[in-house]
Amino acid sequence: MTSTSRGIDVSIYQAAQNWPKLKSDGLTFAFAKASEGQSSRDSRFGTHIQGIKAAGLIPGAYHFAWPNQDAAKEAANYIAAVKPYAGAGFLHWLDLEAYSDRRNYTGRTAAQIKAYAVAWIAAVQKAFPGQRVGIYTSASDITAGHVPAGVTLWYPAYPGASVDTYAEAEKRTKPAPSGRTVAIWQFTSTPVDRNLAYMSPTAMRTWAKGSDADEDDAKPYTPPKFPTGLAPNKAAPSAVTLQRALKAAGYMSKSVAESPHYGPATQAGVIAFHNAHPRYRAAGKKSDPAIGPKGWAALFSLAYGK
C-alpha cells in the first residue's frame with residue numbers, strides 16, 4: 001500500500017481550528033487561503049497560518065486565480081500576503097478553477113489560461129527560491145489544457161459518502177486525471193476539505209523543504225518521453241532542442257527565433273529555468289546559463305510531461 005499523509009485546507013469560511021489536537025489525531029499538513037485576484041485577501045489567513053505553523057504541521061497557502069486579470073499583479077498580491085509566513089518547507093498553490101458562472105475565466109482561451117498559470121508560478125517561484133509551487137485544479141481544467149506539464153498537482157474529486165474519511169480514501173486507487181500524476185487528492189469537503197498526500201509524513205516533510213530525497217528516489221530514474229524529433233541524447237541537447245523545451249515550459253518567449261547557437265537568448269532562458277528551480281543550477285551560482293543532465297531532464301519533463 002502506498003504511504004500517505006493526511007491534511008486539510010481552510011479559508012474564511014472556517015473558524016479557528018484546534019491545530020494541536022488535529023496534529024495529535026494524525027494530521028500532517030494544512031493549507032489556508034491567502035488571496036484572490038489582484039487585491040483581495042482572506043481575512044482569516046493570518047490566524048489560520050499562524051496556528052498551522054505553531055502546531056508543527058507542514059504549512060501551505062493558496063491563491064484563487066482570476067486568469068482574465070493580470071498574472072503579475074495577482075502573484076504580487078499573493079506574495080505580499082504570505083511573505084511574513086513563508087519559509088523553508090512552505091508550500092504554495094495556485095487555485096485554478098472557474099466560478100460556476102465562469103466570471104473569472106470570461107474572455108480567455110485555454111492557451112491564455114495556461115499562460116497565466118505559467119506566469120503566476122514563475123513569479124511565485126522567483127519570490128520564494130527553493131520553495132515548491134503547485135496547482136490545485138480539476139479534471140475539467142486539465143482536459144481543457146489549462147494546466148502546464150510537469151507542475152505538481154493538488155486534485156479535487158469527490159466520490160461521495162463512500163469516501164468521506166481518510167481510511168476510506170486510503171483504500172482507493174490514486175487518481176490519475178488525463179494520465180497526470182497527482183501529489184495530493186482532496187476527496188471530500190464534508191465537514192471540512194480533507195486531503196490525502198501520496199507520501200509518508202517523513203517523506204512529505206523532506207519533499208516540502210525542496211529536497212528530491214522523497215520516496216521515489218529509491219526507484220530507478222525513467223527518462224521522460226518526448227515528442228518525435230526532440231528526444232535528447234546523454235551528452236547535451238542541441239540549441240534548437242533546448243530552445244523548444246524552454247518555450248514549451250514557459251521560460252523563453254515563443255517569438256524568439258530558433259537558432260543553432262547557444263546565444264544570449266537561450267542562456268537567458270536557461271537562467272530563468274534555474275532561478276525557478278535552483279536545485280538544478282551549479283552550486284553557489286545565482287544565474288547559471290549552463291544546463292546539466294539533471295536540469296535538462298527536469299526541463300524536458302516540465303515541457304512535455306513524462
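**Reading the helices and loops**

Mentor: Gladly! Let's start with two helices: Leu242, Gln243 and Leu246 of α8 meet Thr266, Gly269, Val270 and Phe273 of α9. Contact here means heavy atoms within 4.5 Å, and helices (H or I, at least four residues) and strands (E, at least two) are DSSP runs, numbered from the N terminus. Keep in mind that this is a predicted model, in which local features need pLDDT of at least 70 and side-chain atom pairs count only at pLDDT 80 or more, while totals for chains, interfaces and linings use all residues. Residues are numbered from 1 along each chain as its sequence is written, and side-chain values use heavy atoms, with hydrogens and water left out.

Trainee: What makes α8 oblique to α9?

Mentor: Their axes are 10 Å apart and the helices pack at an angle of about 45°. Angles under 35 degrees count as roughly parallel, over 145 as roughly antiparallel, 65 to 115 as roughly perpendicular and the rest as oblique. An angle of about 45° belongs to the rest, so α8 is oblique to α9. By class, this contact has four nonpolar, three polar and no charged residues. In that scheme Ala, Val, Leu, Ile, Met, Phe, Trp, Tyr, Cys and Pro count as nonpolar, Asp, Glu, Lys and Arg as charged, and the others, Gly among them, as polar.

Trainee: What makes α3 oblique to α4?

Mentor: The axes of α3 and α4 come within 9 Å and cross at roughly 40°. That angle makes α3 oblique to α4. The contact is made by Ala71, Glu74, Ala75, Tyr78 and Ile79 of α3 with Tyr116, Ala119, Trp120, Ala123, Val124 and Ala127 of α4. By class, there are 10 nonpolar, no polar and one charged residues.

Trainee: Why is Gln125 called buried?

Mentor: Buried means under 20% relative accessible area, exposed over 50%, and partly exposed in between (1.4 Å probe, protein chains only). Gln125 has 6% relative accessibility, so Gln125 counts as buried. This residue is found in helix α4, and its contacts, not counting residues up to four places away in sequence, are Val133, Tyr251, Asn275, Ala276 and His277. Other buried residues of α4 include Ile113, Ala117 and Ile121. Among the elements that the buried residues of α4 pack against are β4 (58-64), β5 (91-96) and α9 (264-276).

Trainee: Why is Ser178 called exposed, and why is Arg102 called partly exposed?

Mentor: Ser178 has 54% relative accessibility, so Ser178 counts as exposed. Arg102 is at 44% and therefore counts as partly exposed. Ser178 is found in the loop between α6 (166-171) and β8, and Arg102 in the loop between β5 and α4. Phi is positive in each, near 55° for Ser178 and near 60° for Arg102.

Trainee: Why does Ala15 count as partly exposed?

Mentor: Its relative accessibility is 46%, so Ala15 counts as partly exposed. Ala15 is in the loop between β1 (5-10) and α1 (19-24). Leaving aside residues up to four places away in sequence, Ala15 touches Arg44 and His48.

Note on methods
Axes fitted to C-alpha atoms, helices over the stretch in contact; angles between N-to-C directions.
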